[in-house]
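Subject: Structure for your review

Dear colleague,

Please find below the structure I am handing over to you.

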Amino acid sequence: MTKILAITNQKGGVGKTTTSVNLAASLAVSGKRVLLVDLDPQANATMGSGTNKQTVKTTVYHVLLGDAAIQATRVTSTQGKYDLIPANRDLAGAEVEMVDFSQRETRLKSALEAIEHDYDYILIDCPPALNLLTLNGLCAAHAVMIPMQCEYYALEGLSDLVNTIKRVRTNFNPVLRIEGLLRTMFDPRSILAQQVSEQLQKHFGDKVYRTVIPRNVRLAEAPGFGLPVLYHDEQSKGAQAYLELAREILNA
Ligand code: ATP
Ligand code: MG
C-alpha cells in the first residue's frame, strides 16, 4: 500500500522542505520507492533535489491545470535515489487559474492516482499557507506530518492547523489524520524548547515523533549543492537524525 504524507505547517521556515527532501532520501536508501511532490512556488524542494527551477519545463503547475500528464513531469533525483514532481514560480498563479475548475481541491489527488502504485511513499512538500495548494496536498494525502520549531508561538499556530485538518476531514478527505509532529531545529540547551516540547507531548502524546531533528549547519548547507544531507555529509548529526526518523516511520 502506498502511503501519501503531506508535510505541512502554515508557519514559514519551520523545516518542511528540509524534512521533505531528507526524509525522501532516507526512505529511499532503506530501499523504499519514494516520490517527492513540490507543491510550493518557492520550489525549494526542487532545487534541494538537484533540479533547476529556472530551466525546468514541465511542473506540478501543468499537472494541476490539466496541461500535462503527471508522468511527463516526473524527474529522477539521481543522487537522492527518489523521484520528484518539480515546481517553479508558475505555481503561484495556479490558485487564481483554478478558480473556475470544478473539484479544484482534488486535482493533485486525481493526478497521483495514475502513478501512486509505483511508490511506497509519496511525500508532498506544502507551501507556508493554508491556501488551495495546501488544500490539494491535504486532499491527496492519507496523513499529515507537521514539522515544528519548539518556540512560543508554535502551539498557537498548531491549533489553527489542527482545525483545518478537521475541516478537510469533514468536507473532503475522511481518511486524513495526523501522522506525527516532528520537532525540528531543536536546541536541547534551550529551556523554552524543552518546555514547549513537554507541552507538545502532553497534548499530542505518541503523535510526537521520538526522533528529534537538531539544529545542524550541514542540513542548511546541503540544498546549496542540490543534495540531501545524506550525500553531503553522511556522518553529520542532521543526516543521522533523518535516517533515524525514517527508521522510526518504517518500524511504526
Ligand atoms: P517555507 O515555509 O519557506 O517553505 P520550510 O518550512 O520549508 O520553509 P525549510 O526551508 O526547510 O523550512 O527551513 C528553513 C531554513 O532553515 C532553511 O534555510 C533551512 O536550510 C534551515 N534549516 C531547516 N532545518 C534545519 C536544521 N535542522 N538545522 C539547521 N538549519 C535548518
Ligand atoms: Mg519549504
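**Salt bridges and a helix pair**

Arg33 has a relative accessible area of 41% and is therefore partly exposed. Please bear in mind that the model is predicted. The side chain of Arg33 takes part in a salt bridge with Asp120, with 3.2 Å between the closest N and O atoms. This pair links distant parts of the chain, its members being 87 residues apart. Arg33 lies in the loop between helix H1 (16-29) and strand E2 (34-38), whereas Asp120 belongs to the loop between helix H6 (107-112) and strand E5 (121-125).

The count of salt bridges in the model comes to eight. Another of them joins Lys3 to Glu179, at 2.9 Å from N to O. Here too distant parts of the chain are linked: Lys3 sits in strand E1 (residues 3-7) and Glu179 in strand E7 (residues 177-186), 176 residues apart.

Glu221 counts as partly exposed at 29% relative accessibility, and Arg218 is partly exposed with a value of 29%. Elsewhere, shared partners matter: Lys3, Arg177 and Glu179 are joined into one network by their salt bridges.

I turn now to the packing of helices. Two packed helices are described by the angle between their axes and the distance between the axes. For helix H8 (residues 154-171) and helix H9 (residues 191-204), the axes come within 12 Å and cross at roughly 25 degrees. Angles under 35 degrees count as roughly parallel, so this description applies to H8 and H9. Their crossing is right-handed.

Which residues form the contact between H8 and H9? On the H8 side they are Leu155, Leu158 and Val162, and these meet Val196, Gln199, Leu200 and Phe204 of H9. By class, the residues of this contact comprise six nonpolar and one polar, with no charged residue among them.

With kind regards

Methods:
Residues are numbered from 1 along each chain as its sequence is written. Chains are lettered from A and ligands numbered from 1 in the order in which they are written. This is a predicted model: local features need pLDDT of at least 70, side-chain atom pairs count only at pLDDT 80 or more; totals for chains, interfaces and linings use all residues. Side-chain values use heavy atoms; hydrogens and water are left out. A salt bridge is a side-chain nitrogen of Lys or Arg within 4 Å of a carboxyl oxygen of Asp or Glu. Helices (H or I, at least four residues) and strands (E, at least two) are DSSP runs, numbered from the N terminus. Buried means under 20% relative accessible area, exposed over 50%, partly exposed in between (1.4 Å probe, protein chains only). Axes are lines fitted to C-alpha atoms, for helices over the stretch in contact, and angles run from 0 to 180 degrees between N-to-C directions. Angles under 35 degrees count as roughly parallel, over 145 as roughly antiparallel, 65 to 115 as roughly perpendicular and the rest as oblique. A crossing is left-handed if the near helix is turned anticlockwise from the far one by less than a right angle, and right-handed if clockwise. Contact means heavy atoms within 4.5 Å. Ala, Val, Leu, Ile, Met, Phe, Trp, Tyr, Cys and Pro count as nonpolar, Asp, Glu, Lys and Arg as charged, and the others, Gly among them, as polar.
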